[in-house]
Amino acid sequence: MTLHAVVKPGNPALPWIVWLHGFLGSAADWQEIAPAFDHPQLLIDLPGHGGSCGIPPGNFSSTHRLLQNTLFNYNILNYWLVGYSLGGRVAMYHACRQPRGLQGLIVEGSHPGLTTYRERQARRESDARWVLRFTSEPLECVLQDWYAQPVFASLSPARRQVFIDQRRDNHAPALATMLHATSLGRQPNLRPYLARLPVAFHFLHGAGDTRFQAIAQDIPAQRHAIPDAGHNAHRENPQAFCACLATILSHSTEDAP
């Protein structure tokens, strides 16, 4: 089984960019970003989202296998993996398995894993409440409250409504299943494995995202703050986000043998 994805052809001499969206999103979230790059690109829908809505969501291990199958299906042999939020957590899990062909890892506003049982239990309980809401309430009402969380405080009312309008066609039961399966409370602490990555690792966060700015200090990665942006930096300041990625990728090309 493979994940639904959109291919954007590019210069075959360059490595692929493989994009993984956040919870509630889809491959379409990268449409504004993708044209800025000449690389061949694969924009993936994670399980329970977009064109992969019908694929039963599983835990991080099964999502990793689906990602591997998808890369193999598209004959992607050299690639950079870019993931936002949930997509970043999937990307970090995948990278920690040190897959052949991975050239580098770029994550945005993503958590490497909780470190204590109490933290994990609290997060599982919090996510369980959201799961119940996604399965029992009108989706638009849940989305209103989801985007009212403190992590999205930088969103203007207009931007918040854009997100809600874009997400209201999601299949709520599939979202609930994916949220349960990939809860941060069920994710392993990836820090020890990330410290041993054999490839470049870059962590991006909005300059106004104080929570993930603090998390970034504890991650063995090159850190980049995106100005005039909060948690969802690639949507709030796409120009600065693209400029940062372009610099990372151009330097990797210069450093290649």
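Helix α4 crosses helix α5 in a right-handed manner. The contact involves Leu 139, Glu 140, Leu 143 and Gln 144 from α4, facing Gln 161, Ile 164 and Arg 167 from α5. This is a predicted model.

**α4 against α5**
- The two axes come within 10 Å and cross at roughly 145°.

**α4 against α3**
- Helix α3 spans residues 117-136, and helix α4 spans residues 139-146.
- Their axes come within 8 Å and cross at roughly 150°.
- Angles over 145 degrees count as roughly antiparallel, so α3 is roughly antiparallel to α4.
- The crossing of α3 and α4 is left-handed.
- On the α3 side, the contact uses Trp 130, Arg 133 and Phe 134.
- On the α4 side, Leu 139, Cys 141, Val 142, Asp 145 and Trp 146 take part.
- By class, the contact of α3 with α4 has six nonpolar residues, two charged and no polar ones.

**The buried side of α5**
- Helix α5 runs over residues 157-167.
- Its buried residues include Arg 160, Phe 163, Ile 164 and Arg 167.
- These four span an arc of only 100° around the axis, so they sit on the same side of α5.
- The general rule is that an α-helix has 3.6 residues a turn, so residues three or four places apart point the same way.
- The cover over the buried residues of α5 includes α4 and α9 (233-236).
- Two of these buried residues, Ile 164 and Arg 167, also belong to the contact with α4.

**Helix α6**
- Helix α6 (residues 172-181) is mostly covered, with seven of its ten residues buried.
- Those buried are Ala 172, Ala 174, Leu 175, Ala 176, Met 178, Leu 179 and Ala 181.
- Helices α1, α2 (86-96), α3 and α4 are among the elements that cover them.

**His 49**
- His 49 sits in the loop between β3 (41-44) and α1 (60-73).
- Its relative accessible area is 0%, so His 49 is buried.
- Leaving aside residues up to four places away in sequence, His 49 touches His 21, Gly 22, Phe 23, Leu 24 and Gly 25, along with Leu 175 and Met 178.
- Leu 175 and Met 178 are themselves buried residues of α6.

Notes. Residues are numbered from 1 along each chain as its sequence is written. This is a predicted model: local features need pLDDT of at least 70, side-chain atom pairs count only at pLDDT 80 or more; totals for chains, interfaces and linings use all residues. Side-chain values use heavy atoms; hydrogens and water are left out. Axes are lines fitted to C-alpha atoms, for helices over the stretch in contact, and angles run from 0 to 180 degrees between N-to-C directions. Helices (H or I, at least four residues) and strands (E, at least two) are DSSP runs, numbered from the N terminus. Angles under 35 degrees count as roughly parallel, over 145 as roughly antiparallel, 65 to 115 as roughly perpendicular and the rest as oblique. A crossing is left-handed if the near helix is turned anticlockwise from the far one by less than a right angle, and right-handed if clockwise. Contact means heavy atoms within 4.5 Å. Ala, Val, Leu, Ile, Met, Phe, Trp, Tyr, Cys and Pro count as nonpolar, Asp, Glu, Lys and Arg as charged, and the others, Gly among them, as polar. Buried means under 20% relative accessible area, exposed over 50%, partly exposed in between (1.4 Å probe, protein chains only). The arc is that of the directions from the helix axis to the C-beta atoms.
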